[in-house]
Amino acid sequence: MTIGITFDGDEIVGRDGQTIAGVLLAAGRRTWRTADGAERGVFCGIGICQDCIVTVNGTESVRACQRTACDGDVIEKEAR
Ligand code: FES
């Protein structure tokens, strides 16, 4: 089954059960956050670091590598 998320206004299709990071990586996105001007995406991939954090449906600091993507999720970049 497919799901659809919105990432900074772009519609992205993923598969049911994928993490947000999985959906973004599969769509060719390698980074989705900046820290002190440096591009960040997945680093550890297991929820230990904070490189992959995004805002999900208005909730800040969600680890994209840990959160399962849900149909209709609205994802926004973070910069800190
Ligand atoms: S990549 Fe390290 S917490 Fe997600």
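This is a predicted model: local features need pLDDT of at least 70, side-chain atom pairs count only at pLDDT 80 or more; totals for chains, interfaces and linings use all residues.
Local features are taken from residues with pLDDT of at least 70 and side-chain atom pairs count only at pLDDT 80 or more, while totals for chains, interfaces and linings use all residues. Residues are numbered from 1 along each chain as its sequence is written, and side-chain values use heavy atoms, with hydrogens and water left out.

**View 1. The largest nonpolar core has 17 residues.** A nonpolar core is a set of buried Ala, Val, Leu, Ile, Met, Phe, Trp, Tyr and Cys residues joined through side-chain atoms within 4.5 Å, where buried means under 20% relative accessible area, exposed over 50%, and partly exposed in between (1.4 Å probe, protein chains only). Ile5, Ile20, Leu24, Trp32, Ala64 and Ile75 touch the most other members. Two or more residues each come from β1 (2-7), α1 (20-26) and β5 (53-56), and α1 gives the most, with four residues; helices (H or I, at least four residues) and strands (E, at least two) are DSSP runs, numbered from the N terminus. In soluble globular proteins, nonpolar side chains tend to be buried together.

**View 2. Alanine 64 and its contacts are shown here.** Leaving aside neighbours within four places in sequence, alanine 64 is in contact (heavy atoms within 4.5 Å) with Thr19, Ile20, Ala21, Trp32, Cys52 and Val54.

**View 3. Three strands form an open sheet in the order β4-β3-β8, with mixed pairing.** Two strands pair if DSSP finds at least two bridges between them, and the edge strands, β4 (38-41) and β8 (78-79), each pair on one side only. Strand β3 (residues 31-35) runs antiparallel to β4 and is joined to β4 by four bridges, with threonine 34 standing opposite glutamate 39 in β4.

**View 4. Aspartate 73 lies in the loop between β6 and β7 (74-76).** Aspartate 73 counts as buried because its relative accessibility is 4%. Its side chain is joined to that of asparagine 57 by a polar contact of 2.9 Å, a polar contact being a pair of N or O atoms within 3.5 Å; within protein, one must be able to donate a hydrogen and the other to accept it, and residues adjacent in sequence count only if both atoms are side-chain atoms.

**View 5. Glycine 58 belongs to the loop between β5 and β6 (59-63).** Glycine 58 counts as exposed because its relative accessibility is 56%. Glycine 58 and glutamate 76 are 18 residues apart in sequence, and their C-alpha atoms are 8.3 Å apart in space.
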